[in-house]
Amino acid sequence: MWAFVLTLSISVLACAAQGEDFVSNVKQNYQSSVNAMLVSQIQKELSASYVYQAYASYFQRADVALPGIQKFFAAASLEEREHAQMLIDYINKRGGHAQFNEIDLKAACELVKADAEAQVVEDTDNRRMCICSFVATKSLSSFCGDRGDWKDGLMAFEDALATERYVNDQLLRIHEHADAEKDAHLTHILEHHFLEEQVNSINELAHYVTRLRSFTKGTGNNYKLGEYIFDQNLK
């Protein structure tokens, strides 16, 4: 049912005025500003899903052929779409309102790239979101070099780690705002259904990045062999 993500662009626009199209007999202690942030977060979750779906497609290419990593990103894409659906359900449960428009893969990757650079996240060769640039219809302004020299798995998981950190940062902003608005229910939902999962995802991806980076160290060129074994363990 989610296959349309690859062919249709989806995004979310925030409600312009407080109470616009809200369900008054359901809405209680649910502010328009909170609704707008949740609507924006739906877009970010769907954007992450779109990025991961594109990465899954990349690793399924015959000239990349890393099925374990392809499987990982396909599952990650589905998980992000499920998060988006959870937020849509939550908005409707609280009497809120969301509208949908379009998502741009290039714009989604640029957001993650800019956030990663602002946070000075450790990077091995400063080639952030190069795979995203390769699969997007419009390339990013990024130094990527020759694709034959790419460390595909490492680059992808560094990108995924940056993406999850970005999404988590946005969730923390929503939690802070909801707490300021004394929206106890939303803070509870964020803590138990979103933030805990984000922390686990960030930790898992950090382990994967560390493992793949270890194949680039020492004498000899053993990265491709290490990447192959790593991929087999993900199948």
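The legends below describe close-up views of a predicted model.

**View 1. The disulfide of cysteine 130 and cysteine 144.** The sulfur atoms of cysteine 130 and cysteine 144 lie 2.2 Å apart. Cysteine 130 belongs to helix α4, while cysteine 144 sits in the loop between α4 and α5 (152-180), so the bond ties together parts that are 14 residues apart in sequence. Cysteine 130 has a relative accessibility of 1% and therefore counts as buried. For cysteine 144 the relative accessible area is 11%, and this residue is buried because the cut-off is under 20%.

**View 2. The disulfide of cysteine 109 and cysteine 132.** Here the S to S distance is 1.5 Å. The link between cysteine 109 and cysteine 132 is right-handed, with 60 degrees about the S-S bond. Distant parts of the chain are linked by this pair: cysteine 109 is in helix α3 (residues 105-119) and cysteine 132 is in helix α4 (residues 130-135), 23 residues apart. Cysteine 109 and cysteine 132 are both buried.

**View 3. The pairing of the bonded cysteines.** The structure holds two disulfides. When the bonded cysteines of the protein chain are numbered in sequence order, the pairing reads 1-3, 2-4.

**View 4. Helix α3 and its buried face.** Helix α3 has 15 residues. From its first C-alpha to its last, α3 reaches 21 Å, close to the 21 Å expected at 1.5 Å a residue. The buried residues in α3 are Leu105, Ala108, Cys109, Val112, Lys113, Asp115 and Ala116. Seen down the axis of α3, these buried residues fall within an arc of 165 degrees, so they line one face of the helix. Cys109 in this list is the cysteine joined to cysteine 132 by a disulfide.

**View 5. The packing of helix α1 against α5.** Helix α1 (residues 32-59) packs with α5 at an angle of about 170 degrees. The axes of α1 and α5 are 10 Å apart. Angles over 145 degrees count as roughly antiparallel, so α1 is roughly antiparallel to α5. The contact of α1 with α5 involves 14 nonpolar, six polar and six charged residues.

Methods. Residues numbered from 1 in each chain as written. Predicted model: local features only at pLDDT ≥ 70, side-chain atom pairs only at ≥ 80, totals over all residues. Heavy atoms only, no water. Disulfide = S-S within 2.5 Å. Helix = DSSP H or I, 4+ residues; strand = E, 2+ residues; numbered from the N terminus. Buried < 20%, exposed > 50% of the residue type's maximum accessible area, 1.4 Å probe, protein only. Axes fitted to C-alpha atoms, helices over the stretch in contact; angles between N-to-C directions. Parallel < 35°, antiparallel > 145°, perpendicular 65-115°, else oblique. Nonpolar A, V, L, I, M, F, W, Y, C, P; charged D, E, K, R; others polar. Expected span 1.5 Å × (residues − 1). Arc of directions from axis to C-beta.
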